[in-house]
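Have the sequence and the 3D view open while you read.

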Amino acid sequence: MKSVQVEASEVSKGSSSSQSVSRGLSVIDFILRTLASFGTLASAIAMGTTRQTLPFVTRFVRFKAVYKDLPTLTFFVIANSIVCGYLVISLPLSFFHIVKCKVIKSRIILIIFDTVMMALLTAGASSAAAIVNLAHNGNTNANWFAICRQFNSFCQRISGSLIGSFVAVVVFILLIIISSVVISRR
């Protein structure tokens with residue numbers, strides 16, 4: 001009789017520690033989602049407000065660089081905005097997972113959408129990184145000159161906006177791993 005009581009108490013302690021681990025991972029999930037939403041928002045704002053104008057010989061002729069001139073940078077802003085909106089919408093569900101640790105179906109849905117958003121964010125950040133590399137280094141085979149020698153401020157801002165986006169990609173990888181671990185513990 002005593003051995004049955006000991007086993008029952010060990011099982012309840014095990015489920016209690018499992019629930020506290022799941023709750024702790026849910027808190028980390030919420031914090032990472034908040035961090036990623038700020039990163040994608042900052043990247044979209046930094047890229048979307050980037051512009052620089054250079055005077056030429058006269059004051060009537062000017063050269064300007066705007067992110068809208070390059071479609072890949074526009075795609076970058078749109079992708080970061082969509083992902084930021086998704087992250088903000090998913091925050092209440094992530095908070096719900098802190099309160100109710102045993103929910104599995106909504107975690108599976110989050111994993112699916114997290115994977116799709118990670119793919120979108122990776123596509124936007126990678127395409128923008130290719131253009132930023134071209135702006136910094138140019139391509140001598142195609143006679144494309146590096147514009148960053150003239151538009152230094154523009155290039156610094158578009159390079160800096162990539163940081164928040166790639167950090168958010170890493171955060172998405174962590175979110176997918178955390179959600180998978182919580183589901184596999186069930």
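A residue is called buried under 20% relative accessible area, exposed over 50%, and partly exposed in between (1.4 Å probe, protein chains only). By that rule Asp 114 is buried, with a relative accessible area of 0%. This is a predicted model, in which local features need pLDDT of at least 70, side-chain atom pairs count only at pLDDT 80 or more, and totals for chains, interfaces and linings use all residues. Residues are numbered from 1 along each chain as its sequence is written, and side-chain values use heavy atoms, with hydrogens and water left out.

**Overall layout**

- The chain contains four helices and two strands. Helices (H or I, at least four residues) and strands (E, at least two) are DSSP runs, numbered from the N terminus.
- In sequence order, the pattern is α-β-β-α-α-α.
- The chain has 186 residues, and 38% of them are buried.
- Among contacts with a separation of 6 or more, 76% join residues 24 or more positions apart. Contact means heavy atoms within 4.5 Å.
- The chain has about 10900 Å² of accessible surface, and carbon and sulfur atoms account for 69% of that surface. Accessible areas come from the Shrake-Rupley method with a 1.4 Å probe; for residues, only the protein chains shown count as cover.

**Annotated spans**

- An unreviewed UniProt entry carries the annotation "transmembrane region" for residues 30-50, 70-96, 108-135 and 162-183. UniProt positions are given in the numbering used here, feature names are shortened, and annotations may be inferred rather than shown by experiment.
- Residues 70-96 are 96% helix and 0% strand. The end C-alpha atoms of that span are 40 Å apart.
- Residues 108-135 are 100% helix and 0% strand. Here the end C-alpha atoms lie 40 Å apart.

**Nonpolar cores**

- A nonpolar core is a set of buried Ala, Val, Leu, Ile, Met, Phe, Trp, Tyr and Cys residues joined through side-chain atoms within 4.5 Å.
- The largest core has 18 residues. Val 83, Tyr 86, Leu 87, Leu 121 and Phe 172 have the most contacts inside it.
- Two or more residues of this core come from each of helix H1 (2-48), helix H2 (71-99), helix H3 (105-137) and helix H4 (152-184).
- H4 gives the largest share of this core, eight residues.
- A second, separate core has 17 residues, including Val 66, Leu 73, Phe 151 and Phe 154.
- What does Phe 172 contact, leaving aside its neighbours within four places in sequence? Its partners are Val 83, Tyr 86, Leu 87, Asp 114, Met 117, Met 118 and Leu 121.

**Salt bridges**

- Side chains of opposite charge can pair when their charged atoms come close.
- The structure has two salt bridges. A salt bridge is a side-chain nitrogen of Lys or Arg within 4 Å of a carboxyl oxygen of Asp or Glu.
- One joins the side chains of Asp 29 and Arg 33 at 3.0 Å, N to O. Both residues lie in helix H1, four residues apart, about one turn of the helix.
- Asp 29 is buried at 2% relative accessible area, and Arg 33 is buried at 0%.
- Another joins the side chains of Arg 33 and Asp 114 at 2.7 Å, N to O. Arg 33 is in helix H1 and Asp 114 in helix H3, so this pair ties together parts that are 81 residues apart in sequence.
- Through shared partners, salt bridges join Asp 29, Arg 33 and Asp 114 into one network.

**Along helix H4**

- Ser 161 is in helix H4. Is Ser 161 buried or exposed? Ser 161 is buried, with a relative accessible area of 2%.
- Not counting residues up to four places away in sequence, Ser 161 touches Ser 43, Ala 46, Met 47 and Phe 76.
- Val 181 and Val 182 both have their place in helix H4. Val 181 is partly exposed at 36% relative accessibility, whereas Val 182 is buried at 0% relative accessible area.
- Val 182 touches Ser 22, Leu 25 and Arg 107, not counting residues up to four places away in sequence.
- Val 182 and Ile 104 are 78 residues apart in sequence, and their C-alpha atoms are 8.6 Å apart in space.
- Val 181 belongs to a nonpolar surface patch with Val 170, Ile 173, Leu 174 and Ile 177. Together they have about 390 Å² of accessible area. Patches are made of residues with over 30% relative accessible area and no salt bridge: like charges are joined within 9 Å, nonpolar side chains (Val, Leu, Ile, Met, Phe, Trp, Tyr) within 5 Å.
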